Amino acid sequence: MFPAIEPGESGYEISGAAFAMKPRSRGRVRLNGDDPRTPLAIDHGFLSDPRDAEVLAEGFEKLRKLAASDPISRYAVKEVSPGPQVSAEEHVRAEARGFFHPVGTCAIGSVVDPRGRVLGYENLYVADASIIPEIPSVNTNLTTAAVAERIAEALAE
């Protein structure tokens, strides 16, 4: 969960978000043609596994309970968005989106080996978040930097 206080039109607003840090849903990336300038076809696959919607709805309900608890409740006048009439599941299914930390599109074991070498090709390496086989529980940027540094060190040997 990620609560925040932000200036709004009529004073400060309390906002929050719930994230599925280990989603089970899987997306897909594929080529749209032979021209490397052609944009990729990206299907994020959000909520393709129903367990992810359950996790997000649970997190959203916890945010609602947090807003109704002491001492926060004295500052929370009303729920503006989505509004108390909307269930957590309805809200999640309508508004779920990613926070764009994609990994695994060139996962170790299926596309590259542990040293970042693309399977079936000589002298072709990948050293970014795409080789991480699943979303890390820690900062994606730092994990990617560590992966890239390790692969760079191996290449320098």
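Buried means under 20% relative accessible area, exposed means over 50%, and partly exposed lies in between (1.4 Å probe, protein chains only). The model is predicted, so local features need pLDDT of at least 70 and side-chain atom pairs count only at pLDDT 80 or more, while totals for chains, interfaces and linings use all residues. Residues are numbered from 1 along each chain as its sequence is written, and side-chain values use heavy atoms, with hydrogens and water left out.

**View 1. Salt bridge between Arg-37 and Asp-35.** The two side chains meet at 3.1 Å, N to O; a salt bridge is a side-chain nitrogen of Lys or Arg within 4 Å of a carboxyl oxygen of Asp or Glu. Arg-37 is exposed because its relative accessible area is 72%. Asp-35 has 32% relative accessibility and so counts as partly exposed.

**View 2. Salt bridge between Lys-22 and Glu-134.** The side chains meet at 3.3 Å, N to O. Lys-22 lies in the loop between strand 2 and strand 3 (28-30), and Glu-134 in the loop between helix 2 (88-95) and helix 3 (140-156), so the pair ties together parts that are 112 residues apart in sequence. Helices (H or I, at least four residues) and strands (E, at least two) are DSSP runs, numbered from the N terminus. Lys-22 is partly exposed at 42% relative accessibility, and Glu-134 is partly exposed at 49%.

View 3. Glu-58 is partly exposed at 46%, as is Lys-62 at 44%. The structure holds eight salt bridges, and Glu-61, Arg-64 and Glu-79 are linked in a network of them.

**View 4. Lining of the second largest pocket.** Val-29, Arg-30, Leu-31, Leu-40, Thr-105, Cys-106, Asp-128 and Ser-130 line this pocket, which has a volume of about 210 Å³. On a 1 Å grid over the protein atoms alone, a pocket is an open set of points where a 1.4 Å probe fits, with protein on both sides within 12 Å along at least five of seven lines; lining residues have an atom within 4 Å of a point. Grid points are joined across faces, edges and corners, and the volume is the space filled by probe spheres set on the points. By class, the lining has four nonpolar, two polar and two charged residues. Ala, Val, Leu, Ile, Met, Phe, Trp, Tyr, Cys and Pro count as nonpolar, Asp, Glu, Lys and Arg as charged, and the others, Gly among them, as polar.

**View 5. Positive phi at Leu-47 and Asn-123.** Most residues other than glycine have a negative phi. Leu-47, not a glycine, has a phi of about 60 degrees; this residue is in the loop between strand 4 (41-43) and helix 1 and is buried at 17% relative accessibility. Asn-123 also has a positive phi of about 60 degrees. Asn-123 sits in the loop between helix 2 and helix 3 and is exposed, with a relative accessible area of 69%.
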